[in-house]
Amino acid sequence: MSDETSTGTGTPAGPQPEPLRFFGTTWVEHDGGYTGRRIGVAVGSLAAAVAACFVLRFAYQGLTIADVGTLVSVLVVVMFAVCSALAFRHTSESFTKRPDPDRQASLRGLLAIGFVGSLLAYCFRSLTEAPGEKLHREEYEAAKQQYTRRTTRRAGNPAKKTPRS
């Protein structure tokens, strides 16, 4: 959130909403093609997940052709399934609360392997709202309330206030 004052550039005073990927600041008022963008993001992430599954299928067929054995093939399938499930959960949670940067860095490899889960989480969240909209809306509303409290002028002189009995 930026806390800027109006300087004649057309920027209103107070906190400004943080833009979301693919949505900019259209999530604030749900204007500027917000619904179309949500549909596009949902369809695009689902199409990317399907394409990724085809790529993984070709990789599995390569393992079968290489005759690496049943154990290796099963381990690869289980690895991608578990990593995708963990990536789905982590991505879904990151839409409702800010992730810890250290934990995010340590999970980078797992999230890369489980990219199909991340794509599916993005698709499912796009069906109800822009991914991350709820988190950003809560932060934006809190920043607006704090700005209003800071800028609201007090009525009267507090030194002349009569003591309570």
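Visitor: Is Trp27 buried or exposed?
Guide: A quick word first: this is a predicted model, where local features need pLDDT of at least 70, side-chain atom pairs count only at pLDDT 80 or more, and totals for chains, interfaces and linings use all residues. Residues are numbered from 1 along each chain as its sequence is written, and side-chain values use heavy atoms, with hydrogens and water left out. Buried means under 20% relative accessible area, exposed over 50%, and partly exposed in between, with a 1.4 Å probe and protein chains only. Trp27 has 0% relative accessibility, so Trp27 counts as buried.

Visitor: How many aromatic pairs are there in the whole structure?
Guide: Rings of Phe, Tyr and Trp (its six-membered ring) pair if their centres lie within 6.5 Å; planes under 30 degrees apart count as stacked, over 60 as edge-to-face and the rest as tilted. A search of the whole structure gives a count of five.

Visitor: Which kind of pair do Trp27 and Tyr140 form?
Guide: Helices here are DSSP runs (H or I, at least four residues), numbered from the N terminus. Trp27 sits in helix α1 (residues 26-29) and Tyr140 in helix α7 (residues 133-151), so their pair ties together parts 113 residues apart in sequence. The ring centres are 6.2 Å apart with 80° between the planes, and the pair is edge-to-face.

Visitor: Which residues does Ser126 touch, leaving out those up to four places away in sequence?
Guide: Ser126 lies in helix α6 and is buried, with a relative accessible area of 2%. Contact means heavy atoms within 4.5 Å. With residues up to four places away in sequence not counted, Ser126 touches Arg38, Val41, Ala42 and Pro131.

Visitor: And Ala52, which residues is it in contact with beyond four places in sequence?
Guide: Ala52 belongs to helix α2 (residues 34-66), and at 9% relative accessibility Ala52 counts as buried. Leaving aside neighbours within four places in sequence, the contacts of Ala52 are Phe115 and Val116.

Visitor: How many disulfides does the structure hold?
Guide: A disulfide is a pair of cysteine sulfur atoms within 2.5 Å. The closest cysteine sulfur to that of Cys53 is in Cys123, 12 Å away and too far for a bond. For Cys83, the closest is in Cys53, at 14 Å, again too far for a bond. The structure's number of disulfides is zero.

Notes: Helices (H or I, at least four residues) and strands (E, at least two) are DSSP runs, numbered from the N terminus.
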